[in-house]
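Q: I'd like to learn how to read salt bridges in a model like this one. Could you walk me through it?

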Amino acid sequence: MPFSKDLRVVDDSFFDTATTTVQIAKRIPCDADTLFALLADAPAWAEWLGADSVEYTSDPPHGVGSTRKVLIRRQWIDERFIVWEPGRRMAFYGSSTTLPFGAFAEDLAITPDGADHCVLTWTTAIDGRPKLLSSSLGMAARANGNRALDKLVVYVNEHKKDY
């Protein structure tokens, strides 16, 4: 089992101060409330993100302070939510991981775009450990994020009626 390490606790300001920040956006074929509900559904992430599992480790109702664990290819990251604005935005930071991060956070902002579409802007902020790794981790985040958002569109088209 890979060695896990605690990450630096960050807040919303980390998106402005991280060594590397990657932002991608995608038009999603559903309304903002439906997309937020889908993003709040941890097991759904496993399907469109390509993770082995995503599960909450705190009891519902979920919101700021909630925690979850993401397992991807024998690596994991424990996450804590720092923003939870239904229909608009959620953000979390990594509290511990087996990955080479010093600090890590993601921000998912939803902007309505017509009655049945919205734009998801996904920002990933990284301080690599060592910091020299930050740009390489950023390139991987951009490539993986773009693939994941393409899969999210397919997932939304197949499952939006469930939310």
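Q: Which side chain does Arg 89 meet in a salt bridge?

A: In general, side chains of opposite charge can pair when their charged atoms come close. Here, Arg 89 pairs with Asp 12 in a salt bridge, at 2.5 Å from N to O; the term stands for a side-chain nitrogen of Lys or Arg within 4 Å of a carboxyl oxygen of Asp or Glu. Arg 89 lies in strand β6 (residues 89–97) and Asp 12 in the loop between β1 and α1, so the pair links distant parts of the chain, 77 residues apart. Helices (H or I, at least four residues) and strands (E, at least two) are DSSP runs, numbered from the N terminus.

Q: What should I keep in mind about the model itself?

A: This is a predicted model: local features need pLDDT of at least 70, side-chain atom pairs count only at pLDDT 80 or more, and totals for chains, interfaces and linings use all residues. Residues are numbered from 1 along each chain as its sequence is written, and side-chain values use heavy atoms, leaving out hydrogens and water.

Q: Is Arg 89 buried or exposed?

A: Buried means under 20% relative accessible area, exposed over 50%, and partly exposed in between (1.4 Å probe, protein chains only). Arg 89 counts as buried because its relative accessibility is 17%, whereas Asp 12 is partly exposed at 36%.

Q: How many salt bridges are there by this rule?

A: The count comes to eight. Among them is the contact between Asp 127 and Arg 8, at 2.8 Å from N to O. Asp 127 sits in strand β8 (residues 118–128), 119 residues apart from Arg 8.
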